[in-house]
Amino acid sequence: MDRAGGPPRGFGPLEFTTDIAPIFAANNCGGCHSAGGNADTAANAQGGFPSVYDGTALEIWTNLTGDGAMVSCSGTDNYRVCINDPEASTVLTNPLNLNSMHLQFWVSMSDPDAATLYQWIQEGAVFTP
Ligand code: HEC
């Protein structure tokens, strides 16, 4: 069921392809996070993966999680998805912060999109087609 933009239902699991991937399109993340876009540079990507969030659901998930490998974060790690510490995930912290490089998409973790992403990370950040 497609619930992007809607309130989290509070029980899981969420489905990546129908519940999570549409959030990136709905917020136009791909406006900068596309191949060759201004966020897709080595310096801006803050990590070893392409900073591209406008591909297929599987491509978005792979870029977010490093194919599932980089999901346990510690210390100063700047990972997009931290299963062990969801609030530290840069996929949440970047869009929540207003700075010179980034827009503020969501004002708090209770924004529906942020809350839905948070729940998906808590559930293990798995890919579901
Ligand atoms: C106006 C252009 C722009 C848009 C739109 C944008 N970003 Fe970014 N993003 C950037 C830039 C530039 C950086 C690198 C500087 C920084 O980290 O603030 C960045 C960095 C990031 C990072 C950390 C680095 C990385 O690639 O993982 C994440 C995560 C991120 N953005 C997520 C998002 C999400 C999610 C959205 C949509 C809700 C979004 N961005 C929309 C420009 C943008």
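Reader: Why does Asn28 count as partly exposed?

Author: This is a predicted model, and the call rests on a neighbour count. Asn28 has 13 C-beta neighbours inside 10 Å. Buried needs 20 or more, and exposed needs 12 or fewer. The count of 13 falls in between, so Asn28 is partly exposed.

Reader: Where is Asn28 found?

Author: Asn28 sits in the loop between H1 and H2.

Reader: Which value does phi take in Ala125?

Author: About 55°, again positive and again without a glycine. Ala125 belongs to the segment after H5.

Reader: Is Ala125 buried or exposed, and how do you know?

Author: Count the neighbours. Ala125 has 23 C-beta neighbours inside 10 Å. The cut-off for buried is 20 or more. The count of 23 meets it, so Ala125 is buried.

Reader: What follows H3, and what is its phi?

Author: Gly66 follows H3, with a positive phi near 60°.

Reader: Why is Leu117 called buried?

Author: Leu117 has 27 other C-beta atoms within 10 Å.

Reader: Which residues does Leu117 contact, leaving aside neighbours within four places in sequence?

Author: Ile20, Ile23, Val91 and Leu92. Compare also Leu117 with Ala21. They are 96 residues apart in sequence, but their C-alpha atoms are 9.7 Å apart in space.

Reader: Which members of the largest nonpolar core touch the most other members?

Author: Ile20, Phe24, Ile60, Val81, Leu117 and Trp120, out of 22 residues in that core. H1, H3, H4 and helix H5 (112–122) each supply at least two residues of this core. H1 gives the largest share, 5 residues.

Reader: What does Trp120 touch, not counting residues up to four places away in sequence?

Author: Leu14, Asp19, Ile20 and Ala125.

Reader: Which residues of H3 are buried, and what do they pack against?

Author: In helix H3 (residues 57–65), the buried ones are Ile60, Trp61, Asn63, Leu64 and Thr65. The buried residues of H3 pack against H1 and H4.

Reader: Which residues come nearest to the ligand?

Author: Cys29, Cys32, Asn44, Ser51 and Met101, among 22 residues around the ligand. Helix H2 (42–45) and helix H4 (90–96) each supply at least two residues of the shell. The largest share comes from H4, with 4 residues.

Reader: What pattern does the protein chain follow along the sequence?

Author: The pattern is α-α-α-α-α. The chain has 5 helices and 0 strands. Of its 129 residues, 27% count as buried.

Reader: How many of the contacts join residues 24 or more positions apart?

Author: 45% of the contacts with a separation of 6 or more.

Reader: Which elements have the lowest and the highest mean pLDDT?

Author: H2 is lowest, at 81, and helix H1 (residues 16–26) is highest, at 96. The mean over the protein chain is 84, and 81% of its residues reach 70 or more.

How values were computed:
Residues are numbered from 1 along each chain as its sequence is written. This is a predicted model: local features need pLDDT of at least 70, side-chain atom pairs count only at pLDDT 80 or more; totals for chains, interfaces and linings use all residues. A residue is near a molecule or strand if its C-beta atom, placed from the backbone, lies within 6 Å of it. pLDDT is the predictor's confidence in each residue, from 0 to 100. Two residues are in contact if their C-beta atoms, placed from the backbone, lie within 7 Å. A nonpolar core is a set of buried Ala, Val, Leu, Ile, Met, Phe, Trp, Tyr and Cys residues joined through C-beta atoms within 7 Å.
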